[in-house]
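Open the model in your viewer and keep the selection tool at hand. Each stop below says what to pick and what is there.

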Amino acid sequence: MLCCGRFFNCCGGRFKKVKPVVSAGPKLVSPQYQLKEPSREVNVLDQILKSQLEKNKQDFTILELAGGDGTNSIELARRGYKVIFTDRDYSYLPDKPENTFKKFQDSITYQQLNLSENISRQIITPVNAIFFRLGIHFFGNSRIEAMAKELFDTLKPGGVIIITAKSKKDPLYLQSEHIGDGMCKVNNYSRNFLDLGTFDEYFSKVGFLRQSYLETQEILYKDPYKSDLITLIYQKPADGQPVKT
Ligand SMILES: C[S@@+](CC[C@H](N)C(=O)[O-])C[C@H]1O[C@@H](n2cnc3c(N)ncnc32)[C@H](O)[C@@H]1O
């Protein structure tokens, strides 16, 4: 398994197994599993989109990449957006996708999407925003460089992307062994720690405008330490043309 190998307890611990309950709370999507709190990036994206909104939220489509257990897609749909949930497989969903997203079937569509393959060819209609949290670190620099162009092509003019990655400021980065193409091996697990410079190199090069970035720390599921994360927000220019650098 490409993730951290802890089968369905990975994904930053976005859901945990709980005993079946009789009455469903607001975030309960199946009797066995309870979704955890949505990530802070949902608030960040919501704020940005609200400030841009000329249209109804339902006319705004957000694509989630490597969506894991669907918590963030569900929260974005709950806030009124149309969402396309994607992941390479549905093994992190608490249930079959049609059951997980049942309450939101008018707002969430789901699609298998493999980030190893061209993203813009897998998403035919361009979207208003992309939500991509903790998926890019599986890939080496050469794939990230190509992905930046595909993500640009997947957005409508003026569209926004929010991406969170493991940061080079993470203490694990210093202990890791460099194995080429930006990938590092630590604890038998390979990942790409990123920083502002690397992101800008690839994303600005294809024409994105950087809007802002955040550096945060978060305890990811079962980890005894806080991981250092970096979140970048880029925008495709409103005229759809890459910015000349
Ligand atoms: C660490 S989890 C992150 C889940 C969610 N975005 C979050 O922040 O909680 C990584 C996710 O990446 C997905 N993934 C790994 N390799 C992938 C690939 N090649 N294409 C698409 N998704 C992939 C896994 O299935 C898993 O759901």
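Start with helix 1, residues 40–52. Helix 1 lies across strand 6, strand 7 (155–166) and strand 12 (227–235). Against strand 7 it runs at about 160°. This is a predicted model: local features need pLDDT of at least 70, side-chain atom pairs count only at pLDDT 80 or more, and totals for chains, interfaces and linings use all residues. Residues are numbered from 1 along each chain as its sequence is written.

A few terms apply from here on. Helices (H or I, at least four residues) and strands (E, at least two) are DSSP runs, numbered from the N terminus. Axes are lines fitted to C-alpha atoms, for helices over the stretch in contact, and angles run from 0 to 180 degrees between N-to-C directions. Contact means that two C-beta atoms, placed from the backbone, lie within 7 Å.

Next, select helix 5, residues 141–154. Helix 5 packs on the sheet and touches strand 3, strand 6 and strand 7. Its direction makes about 140° with that of strand 7.

Seven strands form an open sheet in the order 5-4-3-6-7-12-11, with mixed pairing. Two strands pair if DSSP finds at least two bridges between them. At the edges are strand 5 (108–112) and strand 11 (209–218), each pairing on one side only. Neighbouring strands are turned by 15° against each other on average, direction ignored.

Zoom in on strand 6, residues 127–133. On one side is strand 3 (residues 61–65), paired with strand 6 in the parallel sense over four bridges. Pick Leu-63: its bridge partner in strand 6 is Ile-130. Glu-64 stands opposite Phe-131. Strand 6 also pairs with strand 7, again in the parallel sense, over six bridges. There, Phe-132 has Ile-163 as its bridge partner. Trace the chain from strand 6 through helix 5 to strand 7: this β-α-β crossover is right-handed. That is, with the strands pointing away from the viewer, the path from the first strand over the helix to the second runs clockwise.

Is strand 6 buried or exposed? Seven of its seven residues are buried. Buried means 20 or more other C-beta atoms within 10 Å of the residue's own, exposed means 12 or fewer, and partly exposed lies in between, with C-beta atoms placed from the backbone.

Colour the core next. The largest nonpolar core has 52 residues. Such a core is a set of buried Ala, Val, Leu, Ile, Met, Phe, Trp, Tyr and Cys residues joined through C-beta atoms within 7 Å. Ile-62, Ala-129, Ile-130 and Ile-161 have the most contacts inside it. Strand 7 gives the most to this core, with six residues. Click Ile-130: not counting residues up to four places away in sequence, its contacts include Leu-63, Leu-151 and Ile-161.

Step along to Leu-134, in the loop between strand 6 and helix 5. Its phi is near 55°, a positive value in a residue other than glycine. Leu-134 is buried, with 24 other C-beta atoms within 10 Å.

Select Cys-184: its bridge partner in strand 10 is Arg-191. Asn-188 sits in the loop between strand 9 and strand 10. Asn-188 has a positive phi too, near 65°. With 7 C-beta neighbours inside 10 Å, Asn-188 counts as exposed.
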